[in-house]
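Dear colleague,

I am handing over the structure below, followed by notes on what was found in it. Please read the notes alongside the coordinates.

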Amino acid sequence: MDDIKLAKVENVRMIDRYNTKNPTVGTLYLTATHLIFVEPDSNKETWILHMHVASIEKLPLSTTGSPLLIRCKTFLSVTFVIPKDSECHDVYTSLLKLFQPVSINKLYCFNYQPAKDDFPKNAGWDFFKLDAEFKHMLVPNDNWTLCSMNEKYELCDTYPRQIYVPKEATTLMLISSSRFRSKGRLPALTYLHNNKASICRCSQPLSGFSARCLEDEQMLEAIRKTNTNTDYMYVVDTRPRINAMANRAAGKGYENEAFYENIKFHFLGIENIHVQRASLQKVLEACEQKSPTMSAFLNALESSGWLKHIRSILDTSSFIANAVDKGVSVVVHCSDGWDRTAQVCSLAQLMLNPYYRTIKGFQALIEKDWLAFGHKFSERCGHIQTDAREVSPIFTQFLDCTWQLMSQRSESFEFNERFLLILHDHVHSCQFGTFVGNCEKDRLDLKLAERTFSLWGYMSNHLNEYINPLYKPNVDESIKANLAPQCIKFWRGMYSRFESGIHPREPLGDLLLDSKEHSNSLEDHVQHLTKRIASFKNYISKSAKKLQDATTANPKASKEPASNEINDNKYNYDKKLSELSAADDDHPLKATNMSFANLSLNAEQTSPQALTEEISSVAVDWKPMRNVTSCSCSTPFDQFSKKTHCFRCGDIFCERCIDKNVALPGHDSGKAVPVCRGCFRQMQKQSP
């Protein structure tokens with residue numbers, strides 16, 4: 001590749017900021033997509049995706065070489081000391097070109113090909129349809145209808161083609177309201193609760209100090225009338241009041257209470273993207289302290305204001321959720337309605353509706369409130385070279401707030417922390433086309449569904465890794481956030497993910513999930529064996545009955561066995577085969593289409609072999625996770641690498657060595673489960 005000036009550098013020292021005294025020496029490889037550091041002694045590899053790089057800094061020359069500090073969007077921070085300054089400069093200039101392309105068409109997703117044919121290119125792109133999500137809410141109905149005016153994105157180019165508005169809204173009201181709102185983002189339905197209370201979202205009005213729009217006022221009144229529970233509704237401005245007032249000087253601002261009847265206004269004080277970006281930077285500085293004391297870390301975390309911002313977002317979301325739960329409709333906006341509005345609308349729905357707390361529902365929530373309604377992922381995540389002031393951790397905060405709710409109500413969520421981390425990493429990786437672009441129109445123009453793979457397609461192959469073993473479905477319809485200061489936690493698993501020595505050897509969630517998977521595997525195997533035994537018992541009882549009937553009909557036959565039955569083994573064998581072919585359909589050894597765990601016993605397979613394969617295909621004992629420090633391929637396990645059991649042999653492997661999912665003959669369900677490469681090859685040989 002033209003951008004790579006130097007593909008390989010020997011004798012590079014990698015300095016882990018938590019282990020500065022014992023740097024590791026290895027080889028640094030620069031590929032078209034990754035920076036890879038290989039430690040020959042421990043066989044450990046550190047892979048850094050170019051798209052995950054947030055910043056590269058060439059530090060002053062030292063006695064040991066030229067240091068290169070790389071900070072990642074995944075919160076990995078690493079320093080490579082390269083022996084020669086010229087080599088360091090080549091790596092530095094190559095990375096500058098690779099980590100942030102100039103054109104969106106140069107992103108990783110347009111060249112990415114899975115290492116194996118795990119899933120087709122179209123998998124995942126059709127998992128979620130906006131109209132299907134609204135059908136879950138029984139929309140359209142008597143009060144809400146589908147507006148066709150945005151089919152070609154003429155009403156608002158950052159909204160989805162399908163927008164749902166009050167039935168009472170006229171064409172003039174929709175057009176005028178769109179013109180009166182920043183970026184044309186008129187009030188549109190995003191969630192309808194089962195009590196008729198709704199959440200609608202929009203952007204700030206272009207009201208200035210005195211401007212008004214009668215049609216916009218009528219639009220909000222039409223929204224209020226869709227809910228007959230109350231004679232008023234809330235308009236929630238997520239900004240601090242002072243920010244909203246400052247925007248009035250630029251001709252924007254907020255709704256004038258004198259013009260909008262039957263509406264209660266609330267400012268709820270979430271800071272803007274610039275404050276949030278600066279806050280996260282201070283969090284990272286707190287985490288990067290070399291040898292932090294307790295007070296130094298806590299003071300740095302406090303001065304960052306990060307946990308205050310997280311609490312503020314949860315507080316606003318709770319206000320919206322409580323209002324809707326009590327039957328009051330809410331219209332939400334910030335400045336342009338694609339950052340703070342996306343955060344609080346989606347979190348309120350997470351609190352209100354258990355469907356969104358499932359894996360599929362959470363993905364649907366992201367599709368609807370973030371992707372369809374135009375959160376600017378490419379700008380906020382810095383996918384390509386753009387104005388650095390547009391980058392902000394808005395989606396990271398949403399995941400953080402979700403984690404806070406999970407920490408407080410773990411039994412209410414189907415997914416675990418790993419699920420959120422995978423989402424976070426792939427929002428920034430651009431490995432999949434799902435989060436590329438700033439709105440639905442961008443993604444259609446780029447033809448991402450045809451040209452790239454979907455993250456949802458990839459994740460559907462790894463669902464067993466994302467299950468929360470404590471999940472109890474249908475326990476609570478709605479949940480509330482505990483906003484007490486001591487209940488808002490620092491998410492160590494996200495921001496200190498790569499710090500060695502501060503995490504448990506095996507996360508409790510992983511141990512529980514592992515135990516649950518083992519139990520499920522054994523239950524599945526027992527179910528299969530039970531059916532096998534029942535089938536044999538059925539055959540034996542029928543055979544005994546036939547023998548009894550034959551003896552009753554011909555008593556002499558039983559007393560005088562034919563001599564050839566005793567002596568001629570070939571004759572006996574042929575006779576048994578002919579009896580078998582004439583036997584009832586449920587004969588367990590008969591070569592029929594009968595299937596146990598999708599296993600067909602054909603003529604080439606003798607029953608003992610088939611039975612042995614079924615019984616030995618499921619590992620009864622699994623190797624304990626503790627004290628397993630490396631995979632059989634010598635890859636060492638650390639605090640952020642997942643240990644996975646092979647369901648067939650029960651041994652533990654790294655993610656690269658256990659990349660196959662197959663149905664085991666000894667499982668009744670026929671469900672595909674993880675097996676190691678060795679077991680997979682063995683099964684391929686045994687297959688007819």
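Of the 688 residues in the protein chain, 50% count as buried, where buried means under 20% relative accessible area, exposed means over 50%, and partly exposed lies in between (1.4 Å probe, protein chains only). The chain holds 23 helices and 20 strands, these being DSSP runs numbered from the N terminus (helices H or I, at least four residues; strands E, at least two). Among the contacts in the chain with a separation of 6 or more, 68% are accounted for by residues 24 or more positions apart, a contact meaning heavy atoms within 4.5 Å.

This is a predicted model, in which local features need pLDDT of at least 70 and side-chain atom pairs count only at pLDDT 80 or more, whereas totals for chains, interfaces and linings use all residues. Residues are numbered from 1 along each chain as its sequence is written, and side-chain values use heavy atoms, with hydrogens and water left out.

On confidence, the mean pLDDT of the protein chain is 87, and 89% of its residues reach 70 or more; pLDDT is the predictor's confidence in each residue, from 0 to 100. Over residues 562-566 the pLDDT is below 50, and this stretch has six contacts in the model beyond near neighbours in sequence. The pLDDT is also below 50 over residues 590-606, a stretch with 34 contacts in the model beyond near neighbours in sequence. Where pLDDT is low, the predicted coordinates should not be read in detail.

Turning to helix α13 (residues 417-429), H428 is found in this helix and counts as buried because its relative accessibility is 10%. A polar atom of the H428 side chain lies 3.0 Å from the backbone oxygen of H424. Leaving aside residues up to four places away in sequence, H428 touches M51, H52, K73, C381, H383 and T396. S429 is also placed in helix α13, and its relative accessibility of 0% is why S429 counts as buried. With residues up to four places away in sequence again left out, S429 touches L49, M51, H52 and Y108.

How do helices α7 and α8 pack, and at what angle? Helix α7 (residues 294-304) and helix α8 (residues 306-325) have axes 5 Å apart and pack at an angle of about 45°, the axes being lines fitted to C-alpha atoms over the stretch in contact, with angles running from 0 to 180 degrees between N-to-C directions. The pair α7 and α8 is therefore oblique, given that angles under 35 degrees count as roughly parallel, over 145 as roughly antiparallel, 65 to 115 as roughly perpendicular and the rest as oblique. Their contact is made by L301, E302 and S304 of α7 together with W306, L307, K308 and H309 of α8.

Some backbone details may also be worth checking. The peptide bond from V139 to P140 is cis, with omega near 5°, and P140 lies in the loop between α2 (130-136) and β8 (144-147). Y153, although not a glycine, has a positive phi of about 60°; Y153 sits in the loop between β8 and β9 (163-166) and counts as buried at 10% relative accessibility. K447 is likewise not a glycine and has a positive phi of about 55°. The loop between α14 (440-445) and α15 (448-451) is where K447 is found, and K447 is partly exposed, with a relative accessible area of 47%.

With kind regards

Conventions:
A polar contact is a pair of N or O atoms within 3.5 Å; within protein, one must be able to donate a hydrogen and the other to accept it, and residues adjacent in sequence count only if both atoms are side-chain atoms.
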